[in-house]
Amino acid sequence: MTGVSVRGLTKDFGSSVRAVDALTFTVAPGRVTGFLGPNGAGKTTTLRMMVGLIRPTAGEALINGRTYGQLARPRRVVGALLEATGAHPGRRGRDHLRLLAQVTGMPARRVDEALDQVGLTDAAGRRVGGYSLGMRQRLGLGAALLGDPEILLLDEPANGLDPAGIAWLRSLLRDLAAEGRAVLISSHVLSEVAQTADDVVIVNEGQLRHAGPLAELDDLEAAFLRLTGTPAEPSGTASEKAPEHAAGQPTWRTSGQPTGDPAGNGGGRAAGGAAGEAAEGRSA
Ligand SMILES: Nc1ncnc2c1ncn2[C@@H]1O[C@H](COP(=O)(O)OP(=O)(O)OP(=O)(O)O)[C@@H](O)[C@H]1O
């Protein structure tokens, strides 16, 4: 297991927006890496390049030495959560994962295992349209875990989870890392990252501001403010894009990526690396 090596990754949108600017960092096996930055810092764009949904302007993200598109069975290697709400509302949770397993060649037994991993076994027979935001987020995590991947790339994974769910997620991420997996979680909210991550990567305006062990930073929030010049969203503040959050709870905001999955699902956006430039438009 070698994790992910991001080297000089750059993305321009048109001639005026450099969303990601020569980013270089690694996501190490056996560790949780927090990917931090204010709104618009380029986190989601970076994650989307890592899983081949958009093509870098320059640089590369290598997964075990290969780009996502070069991997023979990408979903067995990389599980990605880039949006949690794309599952068809009329479909039952278990059927959503079954379809995804079929389309991507996963063993059917993984469906129930993944449902169990994300605590959705009891709700698996219910239609996704009746799921809460937190349940849809769990389903997206289940989709990311379906291939039993050694690398997990999760964009705002705590979004929509209640306090018990956030504690559960923290434990799940720690367990996944303890199994030797490389886990990357993006956020611009610091409290959960401070409790969960081993390493932090801080970006601002598309550029790397810091990469290293969390333990090297005395105070994550102070470092974030110094490195980004941006106040962190205080824990306990409901996000404008996540109105479901109860006030008083830590919140990691959601992001809005287009879907690009052959199964029409929202979770595990790593859809064979075939989305290419066509997926570049934002849906939110
Ligand atoms: N398809 C696109 N076309 C044009 N500009 C884009 C596109 N996608 C992203 N951007 C711009 O790139 C920059 C980085 O956006 P990105 O969504 O990657 O940031 P982020 O760190 O994930 O932000 P947030 O925390 O708000 O989700 C922003 O200025 C954004 O407006």
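Me: Which residues does Leu184 touch, not counting residues up to four places away in sequence?

Reply: In this predicted model, Leu184 touches Val27, Thr33, Phe35, Leu152, Leu153 and Leu154, where a contact requires C-beta atoms within 7 Å. Leu184 is also named, with Leu153 and Val183, among the residues with the most contacts inside the largest nonpolar core, which has 74 residues.

Me: How do you know that strand β6 and strand β7 pair, and in what sense?

Reply: Strands count as paired if DSSP finds at least two bridges between them, and β6 (residues 151–155) and β7 (residues 182–187) share five bridges, in the parallel sense. Within this pairing, Leu184 of β7 is the bridge partner of Leu153.

Me: What makes β5 and β9 the edges of the sheet?

Reply: The six strands of this open, mixed sheet follow the order β5-β6-β7-β3-β8-β9. Because β5 (78–81) and β9 (207–213) each have a single partner strand, one side of each is left without a neighbour in the sheet.

Me: Which helices lie across strands of this sheet?

Reply: Helix α1 (residues 43–50) lies across β3, β6, β7 and β8, running at about 145° to β6, while helix α8 (residues 220–228) lies across β3, β8 and β9, at about 30° to β8.

Me: Why is Asn64 called partly exposed?

Reply: Asn64 has 17 other C-beta atoms within 10 Å; a residue is buried at 20 or more and exposed at 12 or fewer, so with 17 Asn64 falls in between and is partly exposed. Asn64 sits in the loop between β4 (58–63) and α2 (74–77), and its phi is near 50°, a positive value in a residue other than glycine.

Key: Residues numbered from 1 in each chain as written. Predicted model: local features only at pLDDT ≥ 70, side-chain atom pairs only at ≥ 80, totals over all residues. Helix = DSSP H or I, 4+ residues; strand = E, 2+ residues; numbered from the N terminus. Contact = placed C-beta atoms within 7 Å. Axes fitted to C-alpha atoms, helices over the stretch in contact; angles between N-to-C directions. Core = buried A, V, L, I, M, F, W, Y, C linked by C-beta atoms within 7 Å.
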